[in-house]
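Open the model in your viewer and keep the selection tool ready. This tour goes stop by stop, and each stop says what to select.

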Amino acid sequence: MGPKILLNFKDLPWEETHKGLKQKVFYQGSTRLRLMHIDHHFVEEDYCTNGHLGFIVEGEMKLILKNQMIKFEKGDGLCLNAGDDEKHKVSVEKGKFVRLILFENN
């Protein structure tokens, strides 16, 4: 079978990985593409040190870094390098949600 050209997210199942976080995941080699839906019930206990490249499709979130907090809204992009320098947590206000796409290399 040849390369996947059309990736139709509606054909992928939602996976609930944590309370308040569900995602649709597609793998191509070492690259992972995730469509994520996060609501205010999601609590990230530890800081994430993975790198992410992404786009906010809908909603809003706050990204908590060690020295600052950045608000992301629909249409914003994000680029986080892997490692402790850009470790981060996601926070979504009560009654709100964010839907985002993340491109990640494993």
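How many cavities of 30 Å³ or more are there? The count comes to one. A cavity here is a set of points, on a 1 Å grid over the protein atoms alone, where a 1.4 Å probe fits but cannot get out. Rolling a probe the size of a water molecule over the atoms shows where empty space is left.

Before you select anything, note that this is a predicted model, where local features need pLDDT of at least 70, side-chain atom pairs count only at pLDDT 80 or more, and totals for chains, interfaces and linings use all residues. Residues are numbered from 1 along each chain as its sequence is written, and side-chain values use heavy atoms, with hydrogens and water left out.

**Stop 1: the cavity**

Select Glu 60, Met 61, Lys 62, Lys 71, Ser 91, Val 92, Glu 93 and Lys 96. These residues line the largest cavity; a lining residue has an atom within 4 Å of a point. The space inside is about 40 Å³, where a volume is the space filled by probe spheres set on the points, joined across faces, edges and corners. Strands (E, at least two residues) are DSSP runs, numbered from the N terminus.

**Stop 2: the pocket**

Now select Leu 21, Arg 34, Met 36, Glu 44 and Cys 48. Of the 23 residues that line the largest pocket, these lie nearest its centre. A pocket is an open set of points with protein on both sides within 12 Å along at least five of seven lines. The volume of the largest pocket is about 410 Å³. Its lining has 13 nonpolar, six polar and four charged residues. Which strand gives the most to it? Strand S3 does, with four residues. Strands S1 (15–18) and S8 (97–105) are among those that each supply at least two.

**Stop 3: two cysteines**

A disulfide is a pair of cysteine sulfur atoms within 2.5 Å, and the count comes to zero. Is each one buried or exposed? Cys 48 is buried, at 15% relative accessible area, whereas Cys 79 is exposed, at 58%. (Buried means under 20%, exposed over 50% and partly exposed in between, with a 1.4 Å probe and protein chains only.)

**Stop 4: charges over rings**

Select Trp 14 and Lys 22. Lys 22 lies over the face of Trp 14, 4.9 Å from the ring centre. Next, go to Tyr 47: the charged end of Lys 87 sits over its ring, 5.3 Å from the centre. The rule asks for NZ of Lys or CZ of Arg within 6 Å of the ring centre and within 35 degrees of the ring normal.

**Stop 5: two strand residues**

Select Asp 39 in strand S3. Asp 39 is partly exposed, at 22%. Lys 19 is 20 residues away in sequence and 8.8 Å away in space, C-alpha to C-alpha. Finish at Arg 99 in strand S8, which is partly exposed at 24%.

Technical notes: Nonpolar A, V, L, I, M, F, W, Y, C, P; charged D, E, K, R; others polar.
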